[in-house]
Amino acid sequence: ASFLNSFVESSSEWIENLNLLEVVYNDTANAADDVKNKISDLSEAFRMDINALAKYVSVFKQMANAMGQTSEVGSQMAEVLSLIALDVSSLRNVDINTVVSDFTGALAGQVKPVRKYGFDITMYSIDELMKELGYGAISRSMTQANKQLARAVLLVRQSKDAWGDLA
C-alpha cells in the first residue's frame, strides 16, 4: 500500500508540475513542448527527477512572467537559473530545493538568501553592473523587471565557480 500511495502521489505531482509548465510557457507556440524535451534530456543525462526539474524551470519562468520579462528572456532566464541552481547545489552540497528557494528570493530582491553562496545582488552591485554595461548607476530608477534581470545576470556571473559541477 505504501508503494501504491507513493506512486499515486508522484503521478499527481507530475500532472500538476506539467500543468504549471504548460501554463507558464503558453506565451509562444510549441514553447512548452520544447522545454519538456529539454527537461527530459537533462533528466536522462544527469539521472535526475524530471518532475523536480519541471517544477524548478516553471517556478523561474513564472517569476519572469510576473515581473514582465519578454517570453524569450523569461525562458532563457528560467533555463539558465535552473542549471546554475543544480550546479550550486552540487558544489555546495546543499539540497536543490533550498538553492531554488534562495534563487527565487534573490530574483525578488532578497539579498540574504544568496549571500551564503558568496553572491552579492545588492543595489550597489546592480549599479556597478549597469556602469560596466555603459548605463551608469541607475538602479533606483530601474523597473522591477530590469532589476530582476540584473539580479539574474549577477547570479550567473558570480556562480562561475559552480558551472558544470553537476556534470
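This is a predicted model: local features need pLDDT of at least 70, side-chain atom pairs count only at pLDDT 80 or more; totals for chains, interfaces and linings use all residues.
Trainee: What does the secondary structure of the chain come to?
Mentor: The chain comes to 8 helices and 0 strands, and of its 167 residues 40% count as buried.

Trainee: Why is the pair of Tyr-117 and Phe-119 called tilted?
Mentor: The ring centres of Tyr-117 and Phe-119 are 6.0 Å apart, which is within the 6.5 Å that a pair requires. Their planes stand at 45°, and because stacked needs under 30 degrees and edge-to-face over 60, the pair is tilted.

Trainee: What makes Tyr-117 and Phe-119 buried or exposed?
Mentor: Buried means under 20% relative accessible area; Tyr-117 has 4% and Phe-119 has 5%, so both count as buried. Ring pairs also link these two residues with Phe-103 into a cluster.

Trainee: What makes the contact of Glu-79 with Lys-38 a salt bridge?
Mentor: The distance from N to O is 3.1 Å, and the limit is 4 Å, so the contact qualifies. Glu-79 lies in helix H4 and Lys-38 in helix H2, so the pair ties together parts that are 41 residues apart in sequence.

Trainee: How do you know that Arg-157 and Glu-132 form a salt bridge, and which parts of the chain does the pair link?
Mentor: Their closest N and O atoms are 2.8 Å apart, which is within the 4 Å limit. The pair links Arg-157 in helix H8 with Glu-132 in helix H7, 25 residues apart. At 55% relative accessibility Glu-132 counts as exposed, whereas Arg-157, at 35%, counts as partly exposed, because exposed requires over 50%.

Trainee: Why is Ile-138 called partly exposed, and where is its place?
Mentor: Its relative accessibility is 32%, which lies between the limits of 20% and 50%, so Ile-138 counts as partly exposed. The place of Ile-138 is in the loop between helix H7 and helix H8, and together with Leu-133 and Tyr-135 Ile-138 forms a nonpolar surface patch of about 290 Å² accessible area.

Conventions
Residues are numbered from 1 along each chain as its sequence is written. Side-chain values use heavy atoms; hydrogens and water are left out. Buried means under 20% relative accessible area, exposed over 50%, partly exposed in between (1.4 Å probe, protein chains only). Patches are made of residues with over 30% relative accessible area and no salt bridge: like charges are joined within 9 Å, nonpolar side chains (Val, Leu, Ile, Met, Phe, Trp, Tyr) within 5 Å. Accessible areas come from the Shrake-Rupley method with a 1.4 Å probe; for residues, only the protein chains shown count as cover. A salt bridge is a side-chain nitrogen of Lys or Arg within 4 Å of a carboxyl oxygen of Asp or Glu. Helices (H or I, at least four residues) and strands (E, at least two) are DSSP runs, numbered from the N terminus.
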